[in-house]
Amino acid sequence: NISSTKWRALFLLVLSCILVASPAFNSPVSCNSKEKNPTAVSMMEYIGGVMSILVMVLTSGYSSIYFEQMLKMTGERLTIWERNFQLAFYSVLLLTA
């Protein structure tokens with residue numbers, strides 16, 4: 001069960017990532033753009049950017065929670081270096097596949 005403090009922290013993390021990345025949405029699209037306003041960003045691009053940030057934040061949060069859960073498992077006693085290597089190994093497999 002997640003407390004209200006943790007929900008607020010997650011909300012602030014998502015909001016801060018969106019606010020930090022939002023100036024990137026106002027950058028020029030292209031020098032060869034035939035539009036009258038080359039700095040305009042379509043609504044679909046804006047929504048796509050916000051959605052990708054949300055996915056990034058949620059996967060980052062999930063991986064942190066999963067890593068903490070793996071460290072607290074009582075069945076196995078691995079050092080943090082061994083557990084880090086184990087998680088990195090699976091990440092490399094997913095990235096190269």
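## Ground rules

Contact here means heavy atoms within 4.5 Å. This is a predicted model, where local features need pLDDT of at least 70 and side-chain atom pairs count only at pLDDT 80 or more, while totals for chains, interfaces and linings use all residues. Residues are numbered from 1 along each chain as its sequence is written, and side-chain values use heavy atoms, with hydrogens and water left out.

## Overall layout

The chain has three helices and zero strands, running α-α-α from the N terminus on. Helices (H or I, at least four residues) and strands (E, at least two) are DSSP runs, numbered from the N terminus.

Of the 97 residues, 11% are buried, that is, under 20% relative accessible area; exposed is over 50% and partly exposed is in between (1.4 Å probe, protein chains only).

## Helix α2 and the core

Take α2 (43–72). Its 30 residues should span 44 Å at 1.5 Å a residue, and the end C-alpha atoms sit 43 Å apart, which agrees. The expected span is 1.5 Å times one less than the number of residues. Buried in α2 are Gly49, Val50, Ile53, Val57, Gly61 and Met70, and their cover includes α1 and α3 (80–96).

The largest nonpolar core has five residues: Val14, Ile18, Val50, Ile53 and Val57. Such a core is a set of buried Ala, Val, Leu, Ile, Met, Phe, Trp, Tyr and Cys residues joined through side-chain atoms within 4.5 Å. Helices α1 (4–21) and α2 each give two or more residues to this core, and α2 gives the most, with three. Setting aside neighbours within four places in sequence, Ile18 touches Val50, Ile53 and Leu54.

## A nonpolar surface patch

Met43, Met44, Tyr46, Ile47 and Met51 make a nonpolar patch on the surface, with about 550 Å² of accessible area together. Accessible areas come from the Shrake-Rupley method with a 1.4 Å probe; for residues, only the protein chains shown count as cover. Met51 lies in α2 and is partly exposed, at 45% relative accessible area.

Notes:
Patches are made of residues with over 30% relative accessible area and no salt bridge: like charges are joined within 9 Å, nonpolar side chains (Val, Leu, Ile, Met, Phe, Trp, Tyr) within 5 Å. A salt bridge is a side-chain nitrogen of Lys or Arg within 4 Å of a carboxyl oxygen of Asp or Glu.
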